[in-house]
Amino acid sequence: MKEIKHVTVLENQMIAPYMYSMTLQADGIAELAKPGQFVNLYCKGEARLLPRPISICEINKEEGTINLIYAVAGKGTEEFSHIEEGETIEILGPLGNGFMIDESKRRNIVVGGGVGTPPLLELVKQLKGEVDVYLGFRSYPILVEEFERLGARVHIATEDGSVDFKGNVLELMKKENVTGDIIYSCGPKPMLKAISQWAASQNIPMQVSLEERMACGIGVCVGCVCKTRKKDEEDWQHRKVCKDGPVFWSDEVIWDE
Amino acid sequence: MNKENLDLKVEIGGVVLKNPVTVASGTFGSGREFAEFIDLNQLGAVTVKGVSSVPWKGNPSPRIAETYGGMLNSVGLQNPGVEEFIKNDIPFLREFDTKIIVNIAGKTIEEYCDVAEKLSHADIDLIELNISCPNVKEGGVAFGTDAKMAKEVTKEVKRHSKHPVIVKLSPNVTDITEIAKAVVEGGADGLSLINTLLGMAIDIHKKRPILANTVGGFSGPAIKPVALRMVYQVAKAVSLPIIGMGGISTGEDAVEFILAGATAVAVGTANFRNPRATMDVLNGIKEYMMTYGIKSLDEIRGIV
């Protein structure tokens, strides 16, 4: 039976303003995890009742560990940021479906925006062929060296121009005339929408990892839906980001919200 | 006395549940997801997510907001419709030794009756008539907040249903006992309460409501005192069996509801935090009975 596990926090430190990196001894989770999946982390006590869904950044199956990079976005994630090494935390996972890696595609474009960047690291680790990683941030890039270490070409845009290209990640992609066989992407919805429209104009298939407010993370509450229409469907449907996603083909997502 | 020979059986509308623990509609799907976490055979009944006569798409996102000790939802009864439900979910649930309670939703009396009629030929045990969802504009709570309409819809659904009918009451009324009495007059076989309280949360940074629907149903541990008070009042006012719910996450919580007069209890929002919450509640009830030498819950039901 699946269950919530109490696991040990091996490391939990700030890597950029409001951004933390947490490594967990997650035996039984690491072995099953795939890039693009997430875990539920639980706060202590019932005041903050609902789990926080956090994407998996790196998976180490040999050691049974996973790494999570999360932003302090509210009281729950702030509580997580104060956890010290050696303490335990409640966790459930891996949850959701990860990216659908297509090994026939040799020229991979990976696009991350801000706190949407972390799940792309494990993805890039597992991709075959060439990888161009385009990352957009407000001002503080994260994980750049980690992507470079994997042999990917990394291109960075910052909104305030503090690092490399000044502007958004799509402007950078257009400026560099990027081309490839497939795009994998995770980031804020306006970014995903803009890139998905561009990808459609270029005839490049694209997968997007979506985020939505969740209650359960296991497909029961029907809280975290997005509007989608599959190719063979006449009408659109509300699909669950946690259970049907979080990764969808971008041409199935209806971006009007 | 040991845990195995405690008498936990309860009866609602002539249907015997092997124990008093079920789930609140909409917090358990049709049980499929939870079968990976618990043995569904251990539950007195599974109460499934609300079904309507045709598929409903529900409300736009965001539909969830966490609040202190609870949460808001504005899902709006998204469901694939009663026919899909009958085809896909009943055969699955029937593999388990547990009763099936089907929550039904509608926008008009005719829609409620249509669902009840379609379910009459289906292999289920009880119908839970949802006249209390705060998240649908027409129907839903409009029936649950007016005594005359509550009685009318109960009477009509009873006429169209082959199965016993439990009516789920809204707490968003001045006097819940007035609605409870009206529903009894309409011929209900049982009552369940409470549905969610109407609530709201605002994102002060974006300066707008968190929920796309502006308001939503408030649930979780924070609402337990309100739910308990209403179960207590209704149990004093009518003699039908009551499924008590609202913020139950432990055996102690459940015992409070039974002492207040509930026949059975439903675990709701706690399922989102702890997929094993129903089992914790069931074990907690058994431990309480052992501690106080209680052989049957009839000994303590409604004694407060």
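Reader: How many residues of chain B are in contact with chain A?

Author: Contact here means that two C-beta atoms, placed from the backbone, lie within 7 Å. By that rule, 30 residues of chain B are in contact with 27 residues of chain A. Strand S5 (64–67), strand S6 (70–73) and helix H8 (270–273) of chain B each supply at least two residues of that side of chain B; helices (H or I, at least four residues) and strands (E, at least two) are DSSP runs, numbered from the N terminus. Bear in mind that this is a predicted model, where local features need pLDDT of at least 70 and side-chain atom pairs count only at pLDDT 80 or more, while totals for chains, interfaces and linings use all residues. Residues are numbered from 1 along each chain as its sequence is written, and chains are lettered from A and ligands numbered from 1 in the order in which they are written.

Reader: Which classes of residue make up the side of chain B that touches chain A?

Author: Count Ala, Val, Leu, Ile, Met, Phe, Trp, Tyr, Cys and Pro as nonpolar, Asp, Glu, Lys and Arg as charged, and the others, Gly among them, as polar. You then get twelve nonpolar, eleven polar and seven charged residues on that side of chain B.

Reader: What about chain B by itself: how many helices and strands does it have?

Author: Chain B has nine helices and 16 strands. Its radius of gyration, taken over C-alpha atoms, can be held against a globule rule of 2.2 Å times the number of residues to the power 0.38. For 304 residues a compact globule would come out near 19 Å, and chain B has 18 Å, which agrees. As for burial, a residue is buried if 20 or more other C-beta atoms lie within 10 Å of its own, exposed if 12 or fewer, and partly exposed in between, with C-beta atoms placed from the backbone. In chain B, 58% of the 304 residues count as buried.

Reader: Why is helix H2 of chain A largely enclosed?

Author: Helix H2 (residues 119–126) of chain A has six of its eight residues buried, so the rest of the structure largely encloses it. Those residues are Pro119(A), Leu120(A), Leu121(A), Glu122(A), Leu123(A) and Val124(A). Their cover includes strand S4 (52–60), strand S8 (130–137) and helix H3 (144–149) of chain A.

Reader: Which residues have the most contacts inside the largest nonpolar core?

Author: A nonpolar core is a set of buried Ala, Val, Leu, Ile, Met, Phe, Trp, Tyr and Cys residues joined through C-beta atoms within 7 Å. The largest one has 174 residues, and those with the most contacts inside it are Val124(A), Ile166(B), Leu191(B), Val231(B) and Val265(B). Helix H6 (residues 224–237) of chain B gives the largest share, seven residues.
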